[in-house]
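Q: I have the sequence and the model open. Can you take me through how to read the features one by one?

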Amino acid sequence: MYDFNYQRASSIEDAASKHAAADDARYLAGGMTMVPVLKQRLDQPSDVVDLGGLGDLTGISEDGGAIVIGAMTTHHDVATSDLVKSKIPALADLAGTIGDPMVRNRGTIGGSLANNDPAASYPAAVLGLGATIRTNKRSIEADDFFTGMFDTALEEGELITAVSFPVPEQAGYKHFPNPASRFPIVGAFVAKTGGGVRVGITGASPCAYRQSSFEDALSGGLDPESLKGIEVSSDGMNSDIHASAEYRAHLVNVMARRAIGG
Ligand SMILES: Cc1cc2nc3c(=O)[nH]c(=O)nc-3n(C[C@H](O)[C@H](O)[C@H](O)COP(=O)(O)OP(=O)(O)OC[C@H]3O[C@@H](n4cnc5c(N)ncnc54)[C@H](O)[C@@H]3O)c2cc1C
């Protein structure tokens, strides 16, 4: 680990100003990605601004027709929240499949979305539900947030404060886990909301995306039979020792069907 200045933020404003004042700062949330990155010397920030203890960033509430989850809320707290389980059970299910108990007790929704790992679980739900990412500067729609592998629409120093998930009429999530890390090799989140049907896919490609061919096929209702026979192109899909691009393309259809009971 390279040396860095450790700073603990006392408020959202304090976090942003400490970040802006430093030469090359990073926020620290649950540390499940940041700490291994620092330990392996894959990054050399001048300052690490710890968001731990910021009560304004933690918690789950209902706001009109949406469930709002603070950026520092852990995966465990989402998975076990009675509110999430009653309003968006598929989102609680998804959070309960992330990593292992240590990762779920430390890792946060804000850290996961800011990191935008190609195999992260939450991006599928954010895209599938058409969520809104709230930051200390603005609100960003799901469709505009994920811009590439480990890349998002966040600007330098911009801090995710919360994520607002519309409550769907119906939704489901399924993923095919990597047997070692539990990260999805492919995950599919399918949701029917007032705005129509949305299908968010993670793990298959360098960046999470919406499978529009499935959305069209499911527009009459979430019937898994409607997806049978719809080919997914493997062009541009991830390929590694765990799964070829062709296998991932196959899994996209299988996971989407399983997400809605097929
Ligand atoms: C063994 C293992 C298995 C895992 N399995 C899964 C899995 O199955 N599915 C899955 O989705 N993830 C998985 N993860 C990743 C896990 O979900 C992490 O929690 C997540 O990647 C990072 O969240 P964090 O809170 O730990 O963030 P940190 O590691 O603290 O930060 C990650 C990045 O986000 C930035 N950041 C953090 N919070 C904010 C914020 N509020 N605003 C702006 N930027 C911010 C940081 O500066 C840093 O760049 C796994 C991790 C491990 C170690």
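Q: Which residue is the bridge partner of Ile201 in β14?
A: Strands of a sheet pair through backbone hydrogen bonds, either parallel or antiparallel. Here, in a predicted model, Ile201 has Tyr209 of β14 as its bridge partner. The pairing of strand β13 (residues 196-202) with β14 is antiparallel and covers 2 bridges.

Q: What is the strand order of the open sheet of 4 strands?
A: The order reads β11-β12-β13-β14, and the pairing is antiparallel. At the edges are β11 (170-177) and β14 (209-210), each of which pairs on one side only.

Q: Which strands are joined to β10 by bridges, and in which sense do they run?
A: Strand β5 (residues 66-70) is joined to β10 by 5 bridges, running antiparallel. Strand β6 (residues 132-135) is joined to β10 by 4 bridges, again antiparallel. Gly70 has Ala162 as its bridge partner, and Arg134 stands opposite Ala162.

Q: Why is β10 described as largely enclosed?
A: Count the buried residues along the strand. In β10 (residues 160-166), 5 of the 7 residues are buried, so the rest of the structure largely encloses the strand. On side chains, the general idea is this: in a regular strand they alternate between the two faces of the sheet.

Q: How many residues of helix α8 are buried?
A: An α-helix has 3.6 residues a turn, so residues three or four places apart point the same way. In α8 (residues 122-129), 8 of the 8 residues are buried, so the helix is largely enclosed by the rest of the structure. The buried set is Tyr122, Pro123, Ala124, Ala125, Val126, Leu127, Gly128 and Leu129. Just after α8 comes Gly130, with a positive phi of about 65°.

Q: Is Ala125 buried or exposed?
A: Ala125 sits in helix α8. It has 28 C-beta neighbours inside 10 Å, so it counts as buried. Beyond the neighbours within four places in sequence, Ala125 is in contact with Leu91, Leu94, Tyr173, Phe189 and Gly200. Sequence separation is a further thing to check. Ala125 and Ala171 are 46 residues apart in sequence, yet their C-alpha atoms are 9.4 Å apart in space.

Q: Is Asp235 buried or exposed?
A: Asp235 counts as exposed because it has 8 C-beta neighbours inside 10 Å. Asp235 belongs to the loop between α10 (212-217) and α11 (245-259). From Asp235 to Ala29 the separation is 206 residues in sequence and 35 Å in space, C-alpha to C-alpha.

Q: Which residues have the most contacts inside the largest nonpolar core?
A: They are Val126, Ala188, Phe189 and Val190, in a core of 73 residues. Domain 1 (1-54) and domain 2 (170-259) both contribute residues, so this core lies between them. Take Ala188 as the example. Leaving aside neighbours within four places in sequence, its contacts are Ala124, Lys174, Val199, Ile201, Val252, Met255, Ala256 and Ala259.

Q: How far apart do the C-alpha centres of domain 1 and domain 2 lie?
A: Start with the bounds. The domain assignment gives domain 1 (1-54) and domain 2 (170-259). Their C-alpha centres lie 34 Å apart.

Q: How many residues surround the ligand, and which are the closest?
A: The shell has 31 residues, and the closest are Gly30, Gly99, Gly107, Gly110 and Gly111. Elements giving two or more residues to this shell are β2 (25-28), α6 (101-106) and α7 (109-115). The largest share, 5 residues, is from α7.

Q: How do the residues of the shell around the ligand divide by type?
A: There are 15 nonpolar, 12 polar and 4 charged residues. Each of domain 1 (1-54) and domain 2 (170-259) supplies at least three residues to the shell.

Q: Which residues other than glycine take a positive phi?
A: Asn116 has phi near 50°. Asn116 is in the loop between α7 and α8, and it counts as buried because it has 23 C-beta neighbours inside 10 Å. Arg182 has phi near 75°. Arg182 lies in the loop between β11 and β12 (184-193). With 16 other C-beta atoms within 10 Å, Arg182 is partly exposed.

Technical notes:
Residues numbered from 1 in each chain as written. Predicted model: local features only at pLDDT ≥ 70, side-chain atom pairs only at ≥ 80, totals over all residues. Domains from an automatic or database assignment. Near = placed C-beta within 6 Å. Nonpolar A, V, L, I, M, F, W, Y, C, P; charged D, E, K, R; others polar. Core = buried A, V, L, I, M, F, W, Y, C linked by C-beta atoms within 7 Å. Buried ≥ 20, exposed ≤ 12 C-beta atoms within 10 Å, placed from the backbone. Contact = placed C-beta atoms within 7 Å. Pairing = 2+ DSSP bridges.
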